[in-house]
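Subject: Structure for your review

Dear colleague,

Please find below the structure that I am handing over to you. My notes on what was found in it follow directly after.

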Amino acid sequence: MHARIARLARSLLVPGIVLVIWEALARGGAIAPAILPAPSQVVLRWWQYLLPPLPFDGSTSRLAWLVSGELPQDTTGSLTRVLGGFLIGACVALPLGLLMGRIRLVHDLFGPVLEVIRPIPPIAFIPLSMLWFGLGNPPALFLISLGAFFPVLVNTIAGVRNVDAIYVRAAKNLGADEATLFRRVIFPAALPYILTGVRVGIGVAFIVVIVAEMTAVNRGLGYRILEAREFMWSDKIIAGMITIGLCGLGIDLGMDRLNRWLLRWQRGLEG
Amino acid sequence: MAIARASEPVLTPEPVLRVERVGMTFTAGTREVVALQDIDLEVAPGELVCLLGPSGCGKSTLLNAIAGFTPPTSGTLLVSGRPITGPGPDRAMVFQEYALFPWMTVEANVAFGLELQGVPARAIGERVGGLLRQLGLSEFRDRFPKELSGGMRQRVAIARVLAIDPPILLMDEPFGALDALTRRNLQDELIRIWSDLRKTILFVTHGIEEAIYLADRVVVMTYRPGRVKRVLAVRLPRPRDTASPEFNALKREVSALVMEEQQRHEQAERGATAG
């Protein structure tokens, strides 16, 4: 117990000192607030950004009122886009990856095209996506799904290729047909790889959503921090950045827990 | 003793498994390796036959061919008179590496084959429950394979194939990775199951004592090309006493045969490294 408190104290030491010096510099007027606001100012701004803009008047539910602030609206908007885009990308990548990993012909048909497109960063598709889909959610979803597509695809193919042949033999020996084999053997056996792809894919999707919002969408966290720059609201920019960081952390922790649960069979006697 | 069984040849030996002039050739790079050559073998229903030989004698290759994983390059394989065209639940395999599905619990592993056959859930539950009890696995039903010892995993693998009630069991060095005591335990368990259920068992091993302890007949194979060197009937009553003079006389005879092949194997390896 003592050791844990000591460790916690050590890990908070450097950030604490940095914050104190930063606060002192900003309050002492050494740095202009438009360049670098005091941490306390950022927290205050973050809180204002979080609060509902109007007092509760009973015209909506209490929950709807509670999340009517700019920050909750931006955050849910961004996360919804991430989720939607990711689902579109993954739902194409997963079956395609399973087939490409298992069937030589499918791999030969789609492999070369995909290898040419894969090195193009999804962000490089922004101009084209705006020409194709205009502004708003459609180009954003396109870009995000593209960002999530390749990590899921590549890892799914690798996962299928790495399925131990003995599981396939055992399943066929017990009478499994090809469809059952996919569903009950190859897919679960490849799941560790697939989940790695999902984790990377959702990370890329999160990067792409911020960039997409800075260009094609006029909502969301990415849009908000760019908008704040025009008004020189550095405190709001940093508040938005912190929110983006917290969302990323939350997604990663959530994925980690999901992975642990889905792959609980990988832990052995020691676990 | 319930375990003792008549070891005399069956009177009407209509073979359940017939291996006729089976050959298997692999190409390794530019070299052709003859793994099996002119194998002839008949296995009667309910017989327990051990394929014995040094590594490289093709005993596992023959078993894989019978399982339908790799068709032979020549000759015919017949099960109950019908040619083997691929893997099927009438010839269930127990692997040395267990090959349990690690993402399924013990119960789900055992139920897998029955689910493929579309057996109603309730019947599956009863059958799986019975098998788990029989093999002493009831308390492990919700565990994953990784959480079990090697011996327990192999019990699950045996329960998994017994669930689909195959007439023929193919066992590829199933107890090879286990410690001596666990191995003896499972050998006795196997004999018990075999005499209860009257399965035909083809059992691959490189253990001379294991082969004599288990088999009605021991088929000694030659090192490359794999051929049948000698077939010996073991007429000792079960449970067999590994310390008895008869057991040891047989062991000496089989050892001499196997060692000849082992030496050919070692010479071939030396030749390969010297060349």
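Two residues are taken to be in contact if their C-beta atoms, placed from the backbone, lie within 7 Å. Please note that the model is a predicted one.

The interface between the chains

On that criterion, 17 residues of chain A and 21 residues of chain B take part in the contact. On the side of chain A that touches chain B, helix 8 (165-173) and helix 9 (178-215) of chain A each supply at least two residues. Helix 8 of chain A gives the most to this side, namely 6 residues. Sorted by class, the side of chain A that touches chain B holds 9 nonpolar, 5 polar and 3 charged residues.

Domains of chain A

Chain A is divided into domain 1, residues 2-50, and domain 2, residues 62-266. The centres of domain 1 and domain 2 of chain A, taken over C-alpha atoms, are separated by 33 Å. Their contact draws 10 residues from domain 1 of chain A and 11 residues from domain 2 of chain A. On the side of domain 1 of chain A that touches domain 2 of chain A, there are 8 nonpolar residues, 1 polar residue and 1 charged residue.

Helix packing in chain A

Two packed helices are described by the angle between their axes and the distance between the axes. For helix 9 and helix 11 of chain A, the angle is about 170° and the axes are 11 Å apart. Helix 9 of chain A is therefore roughly antiparallel to helix 11 of chain A, since angles over 145 degrees count as such. From helix 9 of chain A, the contact is made by A:L191, A:L195, A:R199, A:I202, A:F206 and A:I210. Helix 11 of chain A contributes A:I244, A:G248, A:I251, A:M255, A:N259 and A:L262 to the contact. The residues of this contact between helix 9 and helix 11 of chain A comprise 9 nonpolar, 2 polar and 1 charged.

A sheet in chain B

Chain B has an open sheet of 4 strands in the order 2-1-4-5, with antiparallel pairing. Strand 2 (31-43) and strand 5 (82-83) of chain B stand at the edges; each has a single partner strand, so one side of each is left without a neighbour in the sheet. Strand 4 of chain B, residues 74-79, pairs with strand 5 of chain B in the antiparallel sense over 2 bridges. Opposite B:R82 in strand 5 of chain B stands B:V79.

Backbone details

Two cis peptide bonds in chain B deserve a mention. One joins B:R224 and B:P225, with omega about -5°; B:P225 is placed in the loop between strand 9 (217-221) and strand 10 (228-233) of chain B. Another joins B:R238 and B:P239, with omega about 0°; B:P239 is placed in the loop between strand 10 and helix 7 (245-274) of chain B.

Positive phi values also occur in residues other than glycine. A:M232 has a phi near 60° and lies in the loop between helix 10 (220-230) and helix 11 (234-262) of chain A. Because A:M232 has 13 C-beta neighbours inside 10 Å, A:M232 counts as partly exposed. B:A99, not a glycine either, has a positive phi of about 55° and lies in the loop between strand 6 (91-94) and helix 2 (106-116) of chain B. B:A99 is buried, because 24 other C-beta atoms lie within 10 Å and the cut-off for burial is 20 or more.

Yours sincerely

Terms used. Residues numbered from 1 in each chain as written. Chains lettered and ligands numbered in written order. Predicted model: local features only at pLDDT ≥ 70, side-chain atom pairs only at ≥ 80, totals over all residues. Nonpolar A, V, L, I, M, F, W, Y, C, P; charged D, E, K, R; others polar. Buried ≥ 20, exposed ≤ 12 C-beta atoms within 10 Å, placed from the backbone. Domains from an automatic or database assignment. Pairing = 2+ DSSP bridges. Axes fitted to C-alpha atoms, helices over the stretch in contact; angles between N-to-C directions. Parallel < 35°, antiparallel > 145°, perpendicular 65-115°, else oblique.
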